[in-house]
Each structure stands twice: as C-alpha cells, then as structure tokens.
Amino acid sequence: MATTSTTTSTSSAPMRIAEVQSTTKQQRVASHTHVKGLGLAEDGTALPVGSGFIGQLQAREAMGYVAELIKSKKMAGRAVLLAGPPGTGKTALALGLSQELGRKVPFCPMIGSEVFSSEVKKTEVLMENFRRAIGLRIKESKEVYEGEVCEITPEETTNPLGGYAKTLSHVLITLKTAKGTKQLKLDPAIYESMQKEKVVIGDVIYIEANSGAVKRMGRSDLYATEHDLEAEEYVPLPKGDVHKKKDIVQDITLHDLDVANAKPQGGQDIVSVMGQFMKPRKTEITEKLRLEINKVVNKYIEQGVAELVPGVLFIDEVHMLDIECFSYLNRALESSLAPIVVFATNRGVCKVRGTNTSSPHGIPLDLLDRLLVIRTMVYSPPELSQIILIRAETEGIRITEEAALLLSAIGSRTSLRFALQMLTPTSIIATANGNVEVTPSDVEEAERLFFDARKSAKLLTENKNKYLL
C-alpha cells in the first residue's frame, strides 16, 4: 500500500513549467551587436562612453549632424565618406546612424565587391541597392468591416449544372463591436480567404470593402480565460461601428515596387510553367519599368497619398568599385529620387580601379568633390581597454581589468580586431584552467597559441626557404 500511495503522489505531482528551459536559439552576437546608437547628448555633443561607443568624439558628432539633416529631409542626394585606418569604427558609425534614424528609415548596407556578378550588370546592382534605400510611406483610408466573429453560416444551393452536389451561394457572417452588431452577406471567394486565415467564431477580423481582403487580427480578449495555457494572441474588442473608415499606413521601398511589378504573369500551361523554372533566379528590372513606377510614385506624392522617405545606402570598401561604377554614382546622386549615400574606406592614396590614375582613397576627384569627409582616428590604449570590456560584457565573458589592459596592449601593437578575436579563446582557456574570470596568464597563453598577421608574416620571412613557391 505504501508503494502504491508513493506512486500515486508522484504521478499526480504538478508539472514545473517555470523550471523548463527554453530551446529557442539565442540571437548570434555579431561584431557590432553592442552598438545601440551614436551616443550623443541632448545638445548634440558626443559622450565619452555612450550607446556602445568609445572615443571617436568628432566623428560621432559629425554623424549626429548628418542624422539631423536626414530627419529634416535636407540631405537627399548627398554623400558622406568615412575614412580612417582599419579597426577605427567606420562600420560601427554607419550602424549607429541607422539606429539613430530608427526602423522607419530604410538602411541598406553593401560591400563594394558585391557589384561584380556574372548574372547582373554592375550598374544594375548599384541601382537596385539605391532603390532599396528609398522608402515610400503610403497612407490609405479604407472602408472596412471590423469586429468579433459571432456567426459563420454558409448557405448552399443546388448545382446549376445538375446532379446531387450543392454549391456555395453565399456566407452569412455576424460581426460584433463594442457599439453594436452587423450581419454581412459575403461572396464565396471571401469565404475562401477566411478559411485560409483560419477564422473561427471568437476571432477579431477586418474585411476590406473594396477588395474583399480578409485579415485576422487575433482572438478576442473575452476568450482570454477560456484556457489556462494557449499559444494565441488576444486583442481587444474593436470600438465604434462595424462599418468604418480605417487609416492604414504601409512602409515599403521603391525596390519592393520594382520587384512586385516585374514578376511575369505566366499562364498555367506546361510551357509557361517550365519557362518560369528555366529562367535565372535574378533578372534585371528594366529602366522603362522604373520610370513608369517613378511616375506613379510622383503622382501619389502630389496627391498626398504617399510620402517619400529617403534612407541611407552604406557602401563599405568603396575603393573596390571601378571607374564605371563611380561615373554611374555621379549621375545617380543627381537624381530626384536619391538616398543619402555613406561610403567607407581604409585606403590612402591608391589607383582608381579600372584606370592607371592614383587618387585619395581610390575615388575619382570629381566624386570626392561631392563628399563630406569624416575622419576616424586610431584608438588610444585606455579606449581599447574600455572597448574590450564592453565587448566582453556583450558576449557574456567575465574578464579582469588587468587582462583587459593586456589585451588592449596587444591591440595597440597589432589591431583592435585581433584583440577582440582573442576574447573567446581566452575565455575557453580560462575555463580549461579552472578560472572564473579571464586572467592575464590566460591572455598570455592565448597569445602564444595564436599569431597575429604581423607575427605570422615575420615568421614566414624568416623561414621562407622552407615553404613552397
């Protein structure tokens, strides 16, 4: 009996849901995950430490003014160049700018070498990214029927073609709001849309009066206590009448419009279907189509239906572009529909790709004249130490200040990137050595095991006879 009672009590014990660990994958920590903005005070001055940034006070203040110009829409068609040695935070500044502008302003990053493709022309890649960086905020006032579904009654009728089978003639649906209820007679096609959205009684939906499009908003919060646990999103009961006008704001980019209108509307026959499979995945969008879309966009803007939102196109390693791309950029920046372009490079005086002419940063002088140049400076050892501590906290690594100072000394001797790459190996070595925190001895051991570029090049020069040519 004792055994039986023990078994019963064990089996009826409540499930410990609070102790269950989530199996959802954590977000990957990237190189610039710690950057949350430009770290500026209210008066526009750069804080010594702010939003994940250390140092680069002048560059951050300059980018703050660029952000203000973009928000006030006085920067369209302009370009900025971030120039400085490797590992001085040029990409971080561009990402900080995107954080300052917010999610509503398009931000399109690319690398100079992306333009070289066997499928698409270089100028097409540039134009595609240009249009990705130009947003369009469309404001529409639509007539909708919105409410909680109280009744769904399909009405059937005899098949006009004869036989015993019946066809769906219409659907009666009752929608309820806080103000009242309304019964609607819907077309069978709208009922199919409702089935695709998996609409059931108790859901809050809205139906567009013009198009008949159905959108399921969620489950009515009146049913929130129906189950103890349920993976469902609850929404409040809509206010006002069932039939109302609703303002809908949609944020898209010009490239989204290009792609939506460039898709071929093929037939259902075997030749059309096979043709769609045989076509290359990436096709160029014609200039004629873009001009037509621009006309429609300009018409919407004049009517006040849409608002243009110039975003930011960030081109890293701009020295990788060739003379054809640079001449195309000169023309594209003069367009009425142009975003703000931010270039970044770590090159000094070098040849412009595709020519024998040398120019500062590998950019032709006529394009350089259009640019506002922002310089980034090399970090000092104390700044390097602070950056290492911030990165360690972001990656969840515990490190002593002495170890951070040693890593900053290594970074000033080699590069900031190498010092940051050493963080994870030192953490693993510290765990293997039984240390809770990364200590200077762990950093020294990691430095013995891993070579930086200069040390590796020196070793290669000393032992060049032992390597194959």
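1. Start with the charged cluster: Glu124, Arg131, Asp258 and Arg290 are joined in a network of salt bridges. Keep in mind as you look at this that the model is predicted. Over the whole structure, the count of salt bridges comes to 18. As a reminder, side chains of opposite charge can pair when their charged atoms come close.

2. Next, have a look at Asp251, which sits in two of these pairings. One partner is Lys104, whose side chain meets that of Asp251 in a salt bridge at 3.4 Å, N to O. This pair links distant parts of the chain: Lys104 is in the loop between α3 (90-101) and β4 (107-111), while Asp251 is in strand β11 (residues 243-253), 147 residues apart. Lys104 counts as exposed because its relative accessibility is 55%, and the cut-off for that is over 50%. Asp251, at 35% relative accessibility, counts as partly exposed.

3. The other partner of Asp251 is Arg137, and here the salt bridge is 2.7 Å, N to O. Arg137 has a relative accessible area of 18%, so the residue is buried; the limit for buried is under 20%.

4. What about Arg216 and Asp203? Their side chains also meet in a salt bridge, at 2.9 Å, N to O. Arg216 lies in strand β9 (residues 214-220) and Asp203 in strand β8 (residues 203-208), so the parts tied together are 13 residues apart in sequence. Asp203 is buried, at 1% relative accessibility, whereas Arg216 is partly exposed, with a relative accessible area of 22%.

5. Now for the chain as a whole. How many helices and strands make up its secondary structure? There are 16 helices and 17 strands.

6. Of the contacts in the chain with a separation of 6 or more, 67% are between residues 24 or more positions apart.

7. Last, burial and surface. The chain has 469 residues, and buried ones make up 38% of them; Arg137 and Asp203 are among the buried residues. The chain exposes about 28,400 Å², with carbon and sulfur atoms supplying 53% of that area.

Terms used. Residues numbered from 1 in each chain as written. Predicted model: local features only at pLDDT ≥ 70, side-chain atom pairs only at ≥ 80, totals over all residues. Heavy atoms only, no water. Helix = DSSP H or I, 4+ residues; strand = E, 2+ residues; numbered from the N terminus. Buried < 20%, exposed > 50% of the residue type's maximum accessible area, 1.4 Å probe, protein only. Contact = heavy atoms within 4.5 Å. Areas by Shrake-Rupley, 256 points an atom, 1.4 Å probe, with all protein chains shown as cover. Salt bridge = Lys/Arg side-chain N within 4 Å of Asp/Glu carboxyl O.
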